Amino acid sequence: MSDVVTRPLLEGLEDRLLALEGVAKAFPNGTIALRGIDLVVRRGRVHGLLGANGAGKSTLIKIISGAFSPTGGRMIWKGAAVSWRNPRAANDGGVATIHQHIPLVPTLSVIENVFLGAQDRWRRGAAANRRFDALCERVGYHLSPDVVVGDLSIGERQMVAILQALGTGADLIVMDEPTASLAAGERELVYAAVRRLSKVEGKAILFVSHFLDEVVALTDCVTVIRDGRAVMHAETCDLNENLIAEAIVGKEVAVLERMAATSPATNSNAQTMLEIRDLRSAGKLEPISMRVARGEVIGIAGLLGSGRSELLHAIFGADPAATGEVLVKGRCIGRGTAAAVRAGIGLVPEDRMRQGLVPDFEIWRNTSLPALSSVSWRRMLPDRRRERARGSEAIRRLSIKASSPDAPVTELSGGNAQKVTIAKWLFSDVELFLFDEPTAGIDIGAKNDILFLVRQLAADGNAVLMVSSEFEELLAVATRLIVMRDGRCVARRAAHETSEHELLLLAGGGSAADADATIDIAPGRPPTSDQSGQ
Amino acid sequence: MSNFPTPAAIIGHTVSVPIHGQDVSGERTASKVDWQRLFSLREMGVYYALILLIDVLALVTLHLGHPNYFSVLNISNVMYQASLSAIMAVAMTVILISGNFDLSVSSVAALAAAVLTGYADQIGFWPAALLAMTVACFVGLLNGSIVQFLGINAFIVTLGTLTAIRGIVLIYTDGHSLSVQDPHVLDAMAAFESGRLDIGIPLAVFGVVLTLLGLRSALVSKKSGGIAWTPRTAGMVLAGLCMLAIIVATGATVPLPKPVLYTLAFTAVIWFTLTYTIVGRRLYAVGGNPEAARLSGINVVRYKLFAFVLSSGAAGFAGILFASRLRSINPAALTGAELTVIAAAILGGTSLFGGAGSVIKTLAGAMLLYSLTNGFNILNLGANYQGLIEGIVVVAAAAIYTVGAERGKRA
């Protein structure tokens, strides 16, 4: 590594805590998640790790924390090559990982959670109390040890997780999107703890985030991953949000050509399909109004917890706390999901197994659930032959890979299960489709099928609202986009006026204009942005 | 439908591929039947257990020189003893399918019985029965409202109402037995509860119709290219032939006690509703995955409330039958009956997590429990062993269902 020579002495070899050399990961099913990553994490620094969905971040984190073993390359930990056998080994070695969904025991107290993995004989002791106080001192945040974790806010739980990680004596703390579901004030707590740990204690922190502004504000250096490669290593002081967004998106042209370019311009006098007026839900969704015409696909861009799913649920009447008016074809619909379905709205929820499908039901009983009366004798007695025929039809039309409509949905793969949740709405009088992350966690073939279906639905005169974390997809199918952050609609764009880059900036933090203003070059440091990943 | 003719069809044109090289048309695949699974211990276990038990009891009674176990009189007596629990167990199955739980049924039945005996002398049998049913349904509504609107676990709520309603019965009766004095009321009770109806002729007609219908749909299915003997057609023919066999064996006189007829009628209605109507399908969906059901436009709260009201209503009806049978009510009556009721539902393979269950199997479960009791009486084994054996049977049944379910998943 020649760049070491050019760095100040402080960042010399002895500060290297973890070095990855060409780490690669191919899964048995042939998916290549990592194509050779070089990464150096140093003591006392906050190292930002960024990348779009599916770029390989989670795989990399899992390798570092011992959940996966790499299929190529070397991992050097404190100067010696290691290969963790399991997460416990990594933990004992000094790597602590804080996962996005905090695995704490809600019924135990703070102190019991913090020392959950400790091998003490007794539940509580004076020693544990002293150790807890010392930990709190170290992060500069005090929490009552006896409060039950279930009573804490999400931000406080995140702090408990940090204390837990510290309690194991870790040298490297991996934080996977620690602020994704936190309110602004709670984020500050985490930032303060991160800064203190790195600057005062000299811990290394690998910080994964989608929020570009916090990455710029918090980290010392940044690695951007794209398609399983590290495409940028740079000191944060040389960067701004624009440069990072560019690196995340890449120069490649989007695979899917834009809908906006190919479809005829939206007819300005097309019939209004949906109108919402001041739709809001306390704590989840700020008031929002909009109008959607037939034939339109509205892309809703936003990160996890931005209020994007909440918006769809409010429109669908699935959020009892939501207030405001929802008009379909000019008529105000009542509250509740049944009224929404009657009005011709269909929701494909984010979590297909938990929210979309009934696990005890076969494909055919799932596909006919929302529109049972249309396959029933005198709208009362479901006719199994017609239902099963509908199941077969769904299998054929959406090319679901299942042997028959009698297959239980629990045996389907993610993409095929997703197609069943979509098929539920294709046979009823639904004219307004709400898709919540329809392509999350499914293979590229099924993904393209679904995106194609979305376009086709719109072309047939329906209206579609689609939420996705993959802005490239939204740009490919949407006519207009709205960007959400913190429960608010922060921007509205026509698809041809915007880019993935801009959407990323809008959803992940400051606007493009803000980003220009935050260019911050610290004097005295040479630009060291290298491209060692290539 | 009209506004949505093509989109998915176009998708189909572009990307559809034959799956495993075979045609995936509805008829062809619908006709494939997994008989092995259908007759597995997990699916049919309760019937096997019931048949085995009855056969053993019949052999033993034959050996001991007791009267014929298979007589209509004996079997219908067991059914009569089981009828109250069976009615409640069928409704319990519905509430378990909906994903809830009702412990309070025995107290509700006792309350309905107390209301009936307390008011019948003043306002007559039928108005008092109506009042008792209203009170019972109200308790169900209360249970359901607390569970659904306050979000408290059904187990806890109904454990509370189990105790509280029993308390109301004690307050209402002041700890004493109530009995009916008015001879008109006593006559009405007798007409309602005791006596037998001969269902020989209807049973014969029903058996013939069922057999013919089964044969016909088997033929239709065969003509349209499917397999003739699906579980449905085979079941219809088999059930029809069984009925005819009973007719032949009994010489077309099958006098059944009225409570047994009420039980059969109630079970038939619930079975039909669960199996063939939209309401039934949605109820299974509500229990199987409430969130998915809600997001499919189903009013989940309404279905769950309905299940609570049905459970308490059935308990109220059982209470009316109980009071009519004894013409009086002891404040401690029916204490602990809820456990038998739940045991019957579990023996019938009803899932405690919702979304699965069959009222016919529950009925078989109730019969199994009461046949055991009956067997102990016949064999003079003494009541001491009864609890032990019943407990073992329930746990063994649960073990078979659980282990069977895991095997099924692995296969």
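Two strands are said to pair if DSSP finds at least two bridges between them. Helices (H or I, at least four residues) and strands (E, at least two) are DSSP runs, numbered from the N terminus. The structure is a predicted model, in which local features need pLDDT of at least 70 and side-chain atom pairs count only at pLDDT 80 or more, while totals for chains, interfaces and linings use all residues. Residues are numbered from 1 along each chain as its sequence is written, and chains are lettered from A and ligands numbered from 1 in the order in which they are written.

**Exercise 1. Describe the sheet of chain A that has the order 6-7-8-3-9-10.**

Step 1. This is an open sheet of six strands, and its pairing is mixed. The edge strands, each of which pairs on one side only, are strand 6 (95-98) and strand 10 of chain A. From one strand to the next the twist averages 20 degrees.

Step 2. For a parallel pair, take strand 7 (residues 172-176) and strand 8 (residues 204-208) of chain A, which are joined over five bridges; here A:Asp176 has A:Val208 in strand 8 as its bridge partner.

Step 3. For an antiparallel pair, take strand 9 (residues 221-226) and strand 10 of chain A, with six bridges, where A:Val224 is partnered by A:Met232 of strand 10. These two strands form a hairpin with two residues between them, and A:Asp227 in the turn has a positive phi of about 50 degrees.

Step 4. Strand 10 (residues 229-235) of chain A is mostly covered, since five of its seven residues are buried (20 or more other C-beta atoms within 10 Å of the residue's own; exposed means 12 or fewer, and partly exposed lies in between, with C-beta atoms placed from the backbone).

**Exercise 2. How do helix 10 and helix 11 of chain B cross?**

Step 1. The axes of helix 10 (residues 200-223) and helix 11 (residues 231-250) of chain B come within 7 Å and cross at roughly 155 degrees. Helix 10 of chain B is therefore roughly antiparallel to helix 11 of chain B (over 145 degrees; under 35 counts as roughly parallel, 65 to 115 as roughly perpendicular and the rest as oblique).

Step 2. The crossing of helix 10 of chain B past helix 11 of chain B is left-handed, a term for a near helix turned anticlockwise from the far one by less than a right angle, whereas clockwise would be right-handed.

Notes: Axes are lines fitted to C-alpha atoms, for helices over the stretch in contact, and angles run from 0 to 180 degrees between N-to-C directions.
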